[in-house]
Amino acid sequence: MVQKSDFRTVGFFRKVRDEQTAMLAGKSHEEIMLFFSRLGEGPQPNEAFQPPLAAARAGDLAL
């Protein structure tokens, strides 16, 4: 079994956790629950940005 030795993603999630901890410090239980329930309302990771068709075509023509 090959072990992966790249732990950069752990650092990313620790940073996110620490930022959220700082934002939610002193908040009520209801405010914290509302914060996390709203996280799912934003764009999803697999919904990549799609430039307007005209801009995409202009970029293709520039090549």
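Mentor: Let's start with a term: contact means heavy atoms within 4.5 Å. This is a predicted model, where local features need pLDDT of at least 70, side-chain atom pairs count only at pLDDT 80 or more, and totals for chains, interfaces and linings use all residues. Residues are numbered from 1 along each chain as its sequence is written, and side-chain values use heavy atoms, with hydrogens and water left out.

Trainee: Which residues is Q20 in contact with, leaving aside its neighbours within four places in sequence?

Mentor: Those are F35, F36 and L39. Q20 itself sits in helix α1, and its C-alpha atom is separated by 9.9 Å from that of I32, 12 residues apart along the chain.

Trainee: How do α1 and α2 pack?

Mentor: Helix α1 (residues 8-24) and helix α2 (residues 29-39) pack at about 135°, with axes 11 Å apart. Axes are lines fitted to C-alpha atoms, for helices over the stretch in contact, and angles run from 0 to 180 degrees between N-to-C directions.

Trainee: Why is α1 called oblique to α2?

Mentor: Under 35 degrees is roughly parallel, over 145 roughly antiparallel, 65 to 115 roughly perpendicular, and the rest oblique. An angle of about 135° therefore makes α1 oblique to α2.

Trainee: Which residues make the contact?

Mentor: Q20, M23 and L24 of α1 meet I32, F35, F36 and L39 of α2. They divide into six nonpolar, one polar and no charged.

Trainee: How do you know that R17 and D18 form a salt bridge?

Mentor: The term asks for a side-chain nitrogen of Lys or Arg within 4 Å of a carboxyl oxygen of Asp or Glu. Their N to O value is 3.1 Å, so the pair qualifies.

Trainee: And why is R17 called partly exposed?

Mentor: Buried means under 20% relative accessible area, exposed over 50%, partly exposed in between (1.4 Å probe, protein chains only). R17 has 47%, so it is partly exposed; D18, at 43%, also counts as partly exposed.

Note on methods
Helix = DSSP H or I, 4+ residues; strand = E, 2+ residues; numbered from the N terminus. Nonpolar A, V, L, I, M, F, W, Y, C, P; charged D, E, K, R; others polar.
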